[in-house]
Amino acid sequence: KLNTTTKKYILVDNDKLIGDAGIRTTLNNFWINKGSQIFYKIRLDERNKGYGNIILNLALKEAKKLGFEKVRINCDDNNIKSKKVIIKNGGKPDIISYKTSDGTSTSYVIDLTEITK
């Protein structure tokens, strides 16, 4: 059910590993309707420096190059900073506060036709 192919990207700044992002490129109904098609993370010591916005923006541009017209990104409701990054990059809430094993999450959809290359 959850099998997918993922392209992984690494963000490096001045030879320092900052974070990574993944784009699921093989999608089924789960990934299209519920699962996060893009995910990213930033090293703890590099957070709050704007890198989340940079890595998500770059991942969205890559997803557009791969032919996606829209993507879904899920975020834990208690991760306020990531939620702000997703919204800043065009995320619109789609499935709000669904139950997870760790609490609740919201699923956002981003229209890539509005992203410039």
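Asp94 is partly exposed, at 42% relative accessibility. In this predicted model, Asp94 forms a salt bridge with Arg72, at 2.7 Å from N to O. Arg72 sits in strand β4 and Asp94 in strand β5, so the pair ties together parts that are 22 residues apart in sequence.

**The β4–β5 link**

- Strand β4 covers residues 70-76, and strand β5 covers residues 92-100.
- Asp94 counts as partly exposed, because its 42% lies between the 20% and 50% cut-offs.

**Salt bridges**

- How many salt bridges does the count come to? The count comes to eight.
- One of them joins the side chains of Asp45 and Arg43, at 3.0 Å from N to O.
- Asp45 is partly exposed, with 42% relative accessible area.
- Arg43 is partly exposed too, with 34%.
- Another bridge joins the side chains of Glu46 and Lys49, at 3.1 Å from N to O.
- Glu46 is buried, with a relative accessible area of 5%.
- Which residues form one network through shared partners? Lys16, Arg43, Asp45, Glu46 and Lys49 do, through salt bridges.

**Helices α2 and α3**

- Two packed helices are described by an angle and a distance between their axes.
- Helix α2 spans residues 51-65, and helix α3 spans residues 80-88.
- The two helices pack with their axes 9 Å apart, at an angle of about 45°.
- That angle makes α2 oblique to α3.
- What is the handedness of the crossing of α2 and α3? The crossing is right-handed.

- Lys88 belongs to helix α3.
- Lys88 is exposed, with a relative accessible area of 63%. That value counts as exposed because the cut-off is over 50%.
- Lys88 and Asn57 are 31 residues apart along the chain. Their C-alpha atoms are separated by 9.5 Å.

**The loop between β1 and β2**

- Strand β1 runs over residues 6-13, and strand β2 over residues 16-24.
- Asn14 lies in the loop between these strands.
- The phi angle of Asn14 is positive, near 50°, and Asn14 is not a glycine.
- Asn14 is exposed, with a relative accessible area of 72%.
- Where is Asp15 placed? Asp15 is also in the loop between β1 and β2.
- Asp15 has a positive phi near 65°, again in a residue other than glycine.
- Asp15 is exposed, with a relative accessible area of 79%.

**A nonpolar patch**

- Which residues make the nonpolar surface patch? Ile10, Val12 and Leu17 make it.
- The patch has an area of about 280 Å².
- Val12 lies in strand β1.
- Val12 counts as partly exposed, at 49% relative accessibility. Val12 does not count as exposed, because that label needs over 50%.

How values were computed:
Residues are numbered from 1 along each chain as its sequence is written. This is a predicted model: local features need pLDDT of at least 70, side-chain atom pairs count only at pLDDT 80 or more; totals for chains, interfaces and linings use all residues. Side-chain values use heavy atoms; hydrogens and water are left out. Patches are made of residues with over 30% relative accessible area and no salt bridge: like charges are joined within 9 Å, nonpolar side chains (Val, Leu, Ile, Met, Phe, Trp, Tyr) within 5 Å. Accessible areas come from the Shrake-Rupley method with a 1.4 Å probe; for residues, only the protein chains shown count as cover. A salt bridge is a side-chain nitrogen of Lys or Arg within 4 Å of a carboxyl oxygen of Asp or Glu. Helices (H or I, at least four residues) and strands (E, at least two) are DSSP runs, numbered from the N terminus. Buried means under 20% relative accessible area, exposed over 50%, partly exposed in between (1.4 Å probe, protein chains only). Axes are lines fitted to C-alpha atoms, for helices over the stretch in contact, and angles run from 0 to 180 degrees between N-to-C directions. Angles under 35 degrees count as roughly parallel, over 145 as roughly antiparallel, 65 to 115 as roughly perpendicular and the rest as oblique. A crossing is left-handed if the near helix is turned anticlockwise from the far one by less than a right angle, and right-handed if clockwise.
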